Structure formats: structure tokens, C-alpha cells
Amino acid sequence: MKALCCFLFVSIISLNNAFTAAITRRRLGPDPVADVFEIRVDVRLHFPNFRLKKAYYALQEWKKVITSDPKGMTKNWDGIEVCSYNGVFCAKAPDAPNLSTVAVVDLNHGDIEGKLPPHLGLISDLSAFHINSNRFCGTIPNTFSRLTILNEFDISNNQFDGPFPNVVLDMPKLKYLDIRYNNFQGLLPPQLFDKDLDAIFLNHNRFSSTIPENIGNSKASVIVFADNEFKGHIPKSIGQMANLDEVIFANNQLSGCLPEELGLLHSTKVLDLSNNNFVGPIPRGIGNLKCIEMVDVAQNELIGTMVDVICTLPKLLNFTFSDNYFDRLEGKCEKPMRPELVFDYRRNCLRGKPDQKDEGKCLPVVNRQIDCESLRSVLDTNRRKPPKTKTRTTSVHGSITISFRH
């Protein structure tokens, strides 16, 4: 006799309530908004609890869209023992200590090819999701907004594309965000810097917006903007970032003068502004950064005098200001005061120093009159111009109906 089947429809918008309510009615027609998934489950399978059953469904759906797994990381993803799957780690549920639940997914360095299915939003007890150094592509499903206790989200070194994954803005507990080495592009949402994040890695993508003016709201200790196409100036609000340990703006298209507010970053150890289009003098206030260990302003169009107060910072180990247009060094910048301190002042306009630019290149720049405030006003005007194309900057939670067949 054929086993009777029943259908359980659950909207991902109300996962927490819907799963516990066990809605049993059948949807009588297709939802024009929803993607409908119908999952057949062997009636002989019995799970320790409903959360592990949801995780099983989600991981099986993920396995279906994995097209290459050369290291066999998902080879043992069969059967009901979800907690024994490679890269899947279980723990006691934070709201129900008597229940075991999937807490971490870690498939780092698997060279896996595939996509992320919306079903992963069912694993709502995840605290860490690590899939760096694979070949996952596509976009991040909006259903990831259901991961309300996710603390670490690392999808770096993959092939994801599209605009900034705004779904991360809906993860209230997120502390660590790493989306570097992908193909994300377009605008960076200001809301990112209002989140209580500790680490933000955006480098090696194709972001082309300006740096949002509210960057100073961020409590992050590390922010890496490097190797994108960011434009405009560094906002003055950066001086409010009391927790900032490391900030890297290298290899972008940033311009204007360096803000004096950089001198307020009293906790910062690494400041990298290299390979941009910055002009004008280096802010003297950088000499206030008593914790700084590395400063790199190479490959810009900075001018003026390199001052002793910067060259004698107590913890400075490496100061690179090569490939600019500095034309004078104060006495203590001539040579390091400590043997471990490294200066690199090549390709500037320093008379009597080796490996400098020729006079023909230097004269037009070192004599240039720069009004930093006027330049900032021009950049602010350009910042306020509307983008040529519309870019979605808010997350939309689509309703996804999932049908479980027993």
C-alpha cells in the first residue's frame, strides 16, 4: 500500500513561526512571486529534531547545485547524520539547549563549483558560514536574511557577482564580513557603516562608488577597500573611528587632499593610501598617530615637505612615500633614527637624493597651487550627482515557499 503523503508549505519570510506551527494546508495555485521547491523525503528517515531535518533538506538541495567537488568535501553528505557531514558542525541550539542544531558550515579551500540555493536560509541557527577559496558563482540569496544569529560571513575568493549583497545588512548579529576577491560591483550602501561590524573586507572587487560619508559611524577595527574603483575623497568622518586598527585604501581612484582628520586615528597601526590620485601635502596630524607601525602613501601626487614629526613616530616601522612629488625632507627624515625603521622616498623630487624624478616632471607639480577645500567642494558636488544607472541598494525579501513531502 502506498504511503500517504502530506505537504507542508512554509514561507521563508516567517520561518521561525511557520516551522513550529507546522502549517498543513495545500497551496491551490502557483505564487507569482515565490519560487516553489518540492522536496521528497523518504518516510523511513527519522531525525532527532525538526531543526536537523530542515538542515538536511537545505544541504541536500545545496549538493544538487554543486557541479564540481574535486576534493570530495561533500562526498559524505548522505543520510540523516547531518552533524557528521564534512564541513558541517553542530552545537546546542542557543534558544533550546536540549536540541542539537547546525551551527557552522565551513567548506574553505574546497575548489567547489556551484551556487548557493535559497534553501540555505532554512539553517537559521548558523553562527558562521565560511566558503572561501572555492568557485561558487551567482548572487547571495535573499533568504540569507533568515540567518539572524550569523556572526561570521566569509564568501571570499569565489566568483560571485552583481551589486553589493545587501542581504548582509539584514543580519543583525554579523561581526565579520569578508566578500573580497569576487566580482561585486557598483555602489557601496551607507548602511554598511551603521552596522556593528568588527571587520569589513571589500578588496579585489569592482566597486565604483564614493566612500560613504558615514564611514565614521563604523566601529570596525579593520576595513579594507583596496583594489576596487572607488572614487572621490576620504570623508572627514573617518576621524571618528576610535577602534580602527587597520585601514587600506590602496589601488583605487580616490582623489582630493588627504583629510586632516586622519590625525585623529590614535589607535591605528596600518594606514595604506597608496596608488590613488591624492594631491596636496601630507597632513601634519599623522604625526599624532603614536600607535602607527606602517604608513604607505606611495604612487600619488602629494607635494611639499616630509616633516620630522611623522618620521619620528615611536612605533613606526615602515614609511613608504615613494613616487610622489615631495621636494624637501626635514632633518630626521633624511635617514631612519632606528635601525629597524624603513623609509622609501624613491621617485620624488628630492635634490641630491638618488633615484628621483627628473626636473621636467617635477616643476609643473611641485609649484601647483592647491586649495583643498575648493577641491573637496567640487568632489562633493560630483558625489551628489545621481548615478547614470539605477542600482538596487535595499534588500528585498522574496517569499519562498517550500513544500516538504513525507
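This is a predicted model: local features need pLDDT of at least 70, side-chain atom pairs count only at pLDDT 80 or more; totals for chains, interfaces and linings use all residues.
Cys257 is buried, with a relative accessible area of 9%. A disulfide joins Cys257 to Cys372, with the two sulfur atoms 2.0 Å apart. The bond connects distant parts of the chain, since Cys257 belongs to strand β18 (residues 253–257) and Cys372 to helix α5, 115 residues apart.

A disulfide is a covalent bond between the sulfur atoms of two cysteines. The structure holds four of them. When the bonded cysteines are numbered in sequence order, they pair as 1-2, 3-8, 4-5 and 6-7. One of the links is formed by Cys83 and Cys90, whose sulfur atoms lie 2.0 Å apart. Its torsion about the S-S bond is about -95 degrees, and the disulfide is therefore left-handed. Cys83 is partly exposed at 34% relative accessible area, and Cys90 is partly exposed at 27%.

Another disulfide joins Cys311 to Cys333, with a sulfur-to-sulfur distance of 1.9 Å. Here the angle about the S-S bond is 105 degrees, and the link is right-handed. This pair, too, links distant parts of the chain: Cys311 lies in helix α3 (residues 308–311) and Cys333 in the loop between β24 and β25, 22 residues apart. Both Cys311 and Cys333 are buried.

The next topic is the pairing of strands. Strands of a sheet pair through backbone hydrogen bonds, either parallel or antiparallel. In this model, six strands form an open sheet in the order β3-β6-β8-β10-β12-β14, and the pairing is mixed. At the edges stand β3 (66–68) and β14 (206–207), each of which pairs on one side only. Within the sheet, strand β8 (residues 135–138) runs parallel to strand β10 (residues 159–163), and two bridges connect them. Gly138 has Phe160 of β10 as its bridge partner. Strand β10 also pairs in the parallel sense with strand β12 (residues 183–186), over three bridges. There, Gly162 stands opposite Phe184 in β12.

Side chains of opposite charge can pair when their charged atoms come close. Across the whole structure, a search finds 16 salt bridges. In one of these, Asp196 meets Lys175, and the closest N and O atoms are 2.5 Å apart. The two residues come from distant parts of the chain: Asp196 from the loop between β12 and β13 (199–201), and Lys175 from the loop between β10 and β11 (176–178), 21 residues apart. Asp196 is partly exposed at 39% relative accessible area, and Lys175 is partly exposed at 30%.

A further salt bridge joins Glu373 and Lys236, with the closest N and O atoms 3.6 Å apart. Glu373 lies in helix α5 (residues 372–384) and Lys236 in the loop between β16 (231–232) and β17 (246–248), so this pair links parts of the chain that are 137 residues apart. Are the members of the salt bridge between Asp323 and Lys357 buried or exposed? Their side chains meet at 3.2 Å, N to O, and both residues are buried.

The last stop is Phe225, in the loop between β15 (222–224) and β16. Phe225 is buried, with a relative accessible area of 0%. Leaving aside residues up to four places away in sequence, the residues that Phe225 touches include Leu188, Phe193, Ile211, Val247 and Phe249. Phe225 and Phe249 are 24 residues apart in sequence, while their C-alpha atoms are 5.0 Å apart in space.

Definitions and conventions
Residues are numbered from 1 along each chain as its sequence is written. Side-chain values use heavy atoms; hydrogens and water are left out. Two strands pair if DSSP finds at least two bridges between them. Helices (H or I, at least four residues) and strands (E, at least two) are DSSP runs, numbered from the N terminus. A salt bridge is a side-chain nitrogen of Lys or Arg within 4 Å of a carboxyl oxygen of Asp or Glu. Buried means under 20% relative accessible area, exposed over 50%, partly exposed in between (1.4 Å probe, protein chains only). Contact means heavy atoms within 4.5 Å. A disulfide is a pair of cysteine sulfur atoms within 2.5 Å.
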